[in-house]
Number of protein chains: 2
Amino acid sequence: MSLSEFELIQRSFRACGARRSDLVLGVGDDAALLRVPPGMDLAATLDTLVSGVHFFPDADPEALGHKALAVNLSDLAAMGAEPAWVTLGLTLPAADETWVAAFACGFCSLAREAGVSLVGGDTTRGPLALSVEAKGLVPAGQALRRCGARPGDAVFVTGTLGDAGLALRLLGEGVPVEAGLRRRLERPDARLAAGTALRGLASAAIDVSDGLAADLGHILEQSGAGAEIELACLPCSAAVAAWLERTGDWALPLTAGDDYELCFTLPQERLADLHRLLPALPCPVTRIGTVTPGTALTIRAADGSAFRPSRPGWEHFHS
Amino acid sequence: MSLSEFELIQRSFRACGARRSDLVLGVGDDAALLRVPPGMDLAATLDTLVSGVHFFPDADPEALGHKALAVNLSDLAAMGAEPAWVTLGLTLPAADETWVAAFACGFCSLAREAGVSLVGGDTTRGPLALSVEAKGLVPAGQALRRCGARPGDAVFVTGTLGDAGLALRLLGEGVPVEAGLRRRLERPDARLAAGTALRGLASAAIDVSDGLAADLGHILEQSGAGAEIELACLPCSAAVAAWLERTGDWALPLTAGDDYELCFTLPQERLADLHRLLPALPCPVTRIGTVTPGTALTIRAADGSAFRPSRPGWEHFHS
């Protein structure tokens, strides 16, 4: 890229996100310098989004900027970490000023809102792709991990499931999608407040990026446990409920990715503590089942029969 | 990608790099958890390498694995930081088992050697590209920055300049390239020992990734200073010296990127301290000029005339 193209891009991201006193040195040197407060661990997570794989090549750049950061903040939420800093690797076929400005607007707005500062990165020419590494802070020893679920623990999810999957499906079929539903696909919210509130309470947590069945499966695998969940308990928006009513497609809320809700487990003796927390949370929290001995994930339909979704979840691996 | 493809890739990177007691939680959860020791700052740098832009599509995957990490370690070296952790975003058109195993071998060997642990990342399908974020540790307040050069300071570089550029040029012309020269292009060494040794000594530092003139230019710009350097003082390998003798192409050591040497400035009163350090360094260090008032970078040919390279450096921006 020419120097002027880089200057254009650099200008779009100038002073991006929150000002933080724990940022010693930001964009513009060989590396950023960050100061982790004593007693805190650093949570770090990197995700890559590739055009044509994770988003449509003609996706709204402002929404894409939001989503590229939101999916990483969601990983921090699932660890119970507060977001602090982010780096961005931006690969662009050309330096389209309008596109870059809109992308930066979406990215930097969410960064400011989440209290996170863009501290560095790299811009290169190539097929459109975004790599974002978000870094958060969590009191040492208090991070939410995947491995702590025990038989008898209750299984919960935040918010509603299947909205992003339904929006994606309808868009693919060329059907007009109501704004609220579309927003769930294109501008997801990371459940940051729920994540930090669950520290010291949840026995395990994960964010639902690959679909509930796959992600709860990761908790069970790492915890050496099974679970039984009830289809009838899955929290669904009006749009998804109407879809289920019409199609009976229960695989949607179970296996569609991109929800970015949190799935967590909670020891029975902490249920009262969770209920005390609920009024302060900006999203509903719904019990969907119970952790069991063994290793199987059993899904019960309303008539008590075992349900097996016909589609697998979205498969990828990430830290 | 299918689950088995991801498992293949994950297996190739299992226990990659050094074991570190400051790694609380590595690959396999929503985020890695890292513990920064008290009194240390975290240096973080992200670089993306794109096939066809930063490397040949048929590049040796083992060398590519090495280089993808080395270029990031070089940024840490330029900050005076010791490498600690790394995340890897790997975008692959297909899960080619042989390619992935060779790439992982090159990446993980260097990680082990440099004492750095692979703590997380993401693997996605798409056009071949690599994003690496390296994280290092530096005592708070002791990082080497670009902004501290003052008129009168001496300008130094480590190692030799132009080797990678010459190898790239010869390969492009289909000329056989001697192994040592080719290694400088394909398997660069980060000057980590020099970087940490220069803490508290150098007034500014940068790694030479875009070419000496461009990178020294960054130091001068951020320091609000100029410099005068002597062509005759530029440290060159026998291969580059022979090339210069034959072609007079002085733009090569001045502007070819990919050298990954360190360029640094040193107050005159610290020259004796630097000389005491030299025997312990694994690479030569050569004085090439002096920081001056003003903002111009003047390059003197052997006859005292000002030299202007005909080619600009490799232009990109990164933190």
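Tutor: We shall take the packed helices and then the cavity.

Tutor: This is a predicted model, in which local features need pLDDT of at least 70 and side-chain atom pairs count only at pLDDT 80 or more, whereas totals for chains, interfaces and linings use all residues. Residues are numbered from 1 along each chain as its sequence is written, chains are lettered from A in the order in which they are written, and side-chain values use heavy atoms, without hydrogens and water.

Student: How do I read a helix pair, and at what angle do α2 and α3 of chain A cross?

Tutor: Two packed helices are described by the angle between their axes and the distance between the axes. Here helix α2 (residues 61–79) and helix α3 (residues 97–114) of chain A cross at roughly 35°, their axes coming within 6 Å; axes are lines fitted to C-alpha atoms over the stretch in contact, with angles from 0 to 180 degrees between N-to-C directions, and helices are DSSP runs (H or I, at least four residues), as strands are (E, at least two). α2(A) passes α3(A) in a right-handed crossing, the near helix being turned clockwise from the far one by less than a right angle.

Student: Which residues make the contact of α2(A) with α3(A)?

Tutor: Among them are L69(A) and L73(A) of α2(A) and F103(A) and F107(A) of α3(A), contact meaning heavy atoms within 4.5 Å. By class there are 14 nonpolar, three polar and one charged residues, where Ala, Val, Leu, Ile, Met, Phe, Trp, Tyr, Cys and Pro count as nonpolar, Asp, Glu, Lys and Arg as charged, and the others, Gly among them, as polar.

Student: At what angle do α4 and α8 of chain B cross?

Tutor: Helix α4 (residues 163–172) and helix α8 (residues 238–247) of chain B cross at roughly 65°, with axes that come within 9 Å. That makes α4(B) roughly perpendicular to α8(B), a term for angles of 65 to 115 degrees. The residues in contact include R169(B) of α4(B) and W243(B) of α8(B).

Student: What volume does the largest cavity have?

Tutor: Rolling a probe the size of a water molecule over the atoms shows where empty space is left. The largest cavity has a volume of about 120 Å³; a cavity is a set of points, on a 1 Å grid over the protein atoms alone, where a 1.4 Å probe fits but cannot get out, and lining residues have an atom within 4 Å of a point. The volume is the space filled by probe spheres set on the points. Its lining has 16 residues, with T48(A), T91(A), A129(A), T91(B) and A129(B) nearest the centre, and by class eight are nonpolar, eight polar and none charged.

Terms used. Angles under 35 degrees count as roughly parallel, over 145 as roughly antiparallel, 65 to 115 as roughly perpendicular and the rest as oblique. On a 1 Å grid over the protein atoms alone, a cavity is a set of points where a 1.4 Å probe fits but cannot get out, and a pocket is an open set with protein on both sides within 12 Å along at least five of seven lines; lining residues have an atom within 4 Å of a point.
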